[in-house]
Structure formats: structure tokens, C-alpha cells
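Here's a quick briefing to read with the structure open beside you.

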Amino acid sequence: GARGGRKPILVFSGATPWLKGAYGDELGRACLGYGLTPVIASIDDWRAFHSGFPRRSWSCRLPFELKFNTGMNRLGIGLEHVAEVRRDLLRLSSAGVFPRGIFSHLAVGEDASHPTSRLQAERFEALCAELSPVLPDSVDFHLANSSAAMGAKKWKFLARTRRSRPGLALYGIPPESARKDHGLKPVLTLEAPVILLRDLLPCEAVGYGARYVAEKRERIAVLGLGYAEGVPRSFGRAGSEARVLLRGRLEPFAGRFSMDLCSVRASAGVRRGDWARLWGEGIDPYRQASAAGTIPYEILTSLTRRGQRIHG
């Protein structure tokens, strides 16, 4: 049976370009067969998508959603084409063809008062007013990402949308603007074993380039994890604020990351076989990501399949 037959899967950016002819037919049949709901996010894709309705075998059965550009200027049908799309939807409604959802995406979801946010809200309300009369009540209008959903009162989303699209919050990490106000728990823990302990004398160095030099006698723990697992190599740069949780203490990295290994300072109680936590409970995701010059989302989506994954 269809892989997505039980749970609808919305394909936000993968169903493009939607070209007329055999390629479009193949894409439509694939989406239908795998239970995928494509998002049509450009006027060219929309014209190719609905051309030939209802002659194609997949066309009247395939669910779809339409995305409009209200100011983020990434994907989305331009608002100058709303009247055209409205005429198309009115024509297609006689064949029972209509989108499951109409949506846009916020550029500054964490700040409802930002000029771009106010502009997008106004444009989205106008879009709803233009298209709602030609669509069934079952069609969802939606706009909220994680940060906007958590600031729903400021955005007044209850009157504007019936669905939210959490992204970062699905990992248990609230948007930075709201992280002190929500009790989300991280759903992912990244740990590495201590595979070797080494005592350094003053002036001895660790790792490639001999960049980390012990100022006094130090104990170093070598962990079985490196940038091949998707951990940012910049965690190991000089002065990095990145930390690992090891035996209840937040310890700094010591020296450059290798492909398979990294080193951290270790207290006297650390033993071989202990586990060091690089991500999860006890680690500030924003401080950790900032140390790599990025955001938590990039780190979470960069982890490779090289490490063992335990689902529990």
C-alpha cells in the first residue's frame, strides 16, 4: 500500500519544478502512490499542475496545497497572480478539485511587531478574504511556524489560521525568543564514549596543529566521535564556548576535532567507558550552536547516520 496512506505527508519544497507533459504525470503518480501531498509554490508550477484536469488519471485524486509569497520572498506564488488562481479554483471546483490548504511562511515569526511581520499578516488576511469564497470550509489557511505559534496571542492566529507548523519545537527546543517561557524538553541526546584518558604535562599539546597546549598538568578524555558524525569541527577551535557534560560537569573541548575523535578536559573522577553528552538535557542548545557560529536547527539536521541511533 501507499507509504503515506495512514498519515498525510506534506512535501513543502520537493515537488518542483512541476513541468507539463510526461514528467508532470510521473511526478503526480508518484505523489499519489506514496501518499504525498505536494505543495505548489510558483505560478509556473500551478499552471503545469492544473493543466489537463481532469484528464490525467491522478489529477482528481491527488491532494495538494498552495503556497503564496507574502513577503519572505523565497518560495510561493506571487500575490499578483491571486486573481488568476482564484479563477482557476472556481473553474476546478465543479470537478471537485480544490487544495487542502492555503498558506505562506513568516520571515520574522518571533516578532509580530516587525514591519515585515505586519506586512505579511495584512497580505495573508487579504489572501484569505480573496480565496475563501471559492473554497470549501474544509480548506485550512495556515501561517504559523514554531515561534509564531508560541506567540499566538500577539499574532492573533486564532482568527487567521487553523493549523500550525512547528519546526524546531518538534525537537523539543523552543525558538530563542521564547526559550525562557516554555517547558519543552529536548527529544534528542547526543553522547560519545570516553575511549582513552591521557595525562598531559605542562606545555604538552593535543591534536592536529598542536593548537591546545596544557598550561599545567591536565587530564584529557578522548571521545569516540568527530566531524564525520556531523558534529561541527568548530567546537574544537581555540576559545570555543562549546561544552560537554561529563560526570556532571560541563567541560571544554581540548584541541581540534578529528574525523572520528575529539578530546575534552576531564576531572579526576572520569573513567574509560563513561559517556560525554554533547547535546540534550543539561546542554544549552543556543550556547552550543553559537559556539559553532550557527543555530540549533543546523546542528540537529547535520548529524549523520554514522552514529548509532537509539529510539526510546
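**A buried ring pair to start with**

Phe-257 counts as buried, at 1% relative accessibility (buried means under 20% relative accessible area, exposed over 50%, partly exposed in between, with a 1.4 Å probe and protein chains only). Keep in mind that this is a predicted model, where local features need pLDDT of at least 70, side-chain atom pairs count only at pLDDT 80 or more, and totals for chains, interfaces and linings use all residues. Residues are numbered from 1 along each chain as its sequence is written, and side-chain values use heavy atoms, with hydrogens and water left out.

**Aromatic pairs**

- Nine aromatic pairs turn up in the structure; rings of Phe, Tyr and Trp (its six-membered ring) pair if their centres lie within 6.5 Å, with planes under 30 degrees apart counting as stacked, over 60 as edge-to-face and the rest as tilted.
- One of them is the edge-to-face pair of Phe-235 and Phe-257, at 6.4 Å centre to centre with 75° between the planes.
- That pair ties together distant parts of the chain, 22 residues apart: Phe-235 sits in the loop between β11 (218-223) and β12 (243-246), and Phe-257 in the loop between β13 (249-252) and β14 (262-265).
- Helices (H or I, at least four residues) and strands (E, at least two) are DSSP runs, numbered from the N terminus.
- Phe-235 is buried too, with a relative accessible area of 3%.
- Elsewhere, ring pairs link up Trp-18, Trp-46, Phe-49 and Phe-64 as a cluster.

- β3 pairs with β2 (residues 36-40) in the parallel sense over two bridges; two strands pair if DSSP finds at least two bridges between them.
- Val-39 has Glu-65 of β3 as its bridge partner, and Glu-65 in turn has Gly-101 of β5 as a bridge partner.
- The pairing of β3 with β5 (residues 101-103) is parallel as well, over three bridges.
- β4 (residues 77-78) runs parallel to β3 and is joined to it by two bridges, and Ile-77 is the β4 bridge partner of Phe-68.

**The nonpolar core**

- The largest nonpolar core has 38 residues, and those with the most contacts inside it include Trp-18, Trp-46, Phe-49, Leu-66 and Phe-68.
- A nonpolar core here is a set of buried Ala, Val, Leu, Ile, Met, Phe, Trp, Tyr and Cys residues joined through side-chain atoms within 4.5 Å.
- The most comes from α4, with five residues.

**Pockets and a cavity**

- The largest pocket holds about 910 Å³ of space. On a 1 Å grid over the protein atoms alone, a cavity is a set of points where a 1.4 Å probe fits but cannot get out, and a pocket is an open set with protein on both sides within 12 Å along at least five of seven lines; lining residues have an atom within 4 Å of a point.
- Grid points are joined across faces, edges and corners, and a volume is the space filled by probe spheres set on the points.
- Of the 33 residues lining the largest pocket, His-105, Asn-145, Gly-167, Leu-168 and Tyr-297 lie nearest its centre.
- That lining divides into 18 nonpolar, nine polar and six charged residues (Ala, Val, Leu, Ile, Met, Phe, Trp, Tyr, Cys and Pro count as nonpolar, Asp, Glu, Lys and Arg as charged, and the others, Gly among them, as polar).
- The second largest pocket has about 750 Å³ of space, and β8 gives the most to its lining, with four residues.
- The largest cavity has about 40 Å³ of space, and its lining residues include Leu-190, Phe-235 and Trp-279.
- By class, the lining of that cavity is eight nonpolar, no polar and no charged residues.

- Thr-16 and Pro-17 are joined by a cis peptide bond, with omega about -5°.
- Cys-203 has a positive phi of about 80° although it is not a glycine, and Cys-203 is exposed, at 67% relative accessible area.
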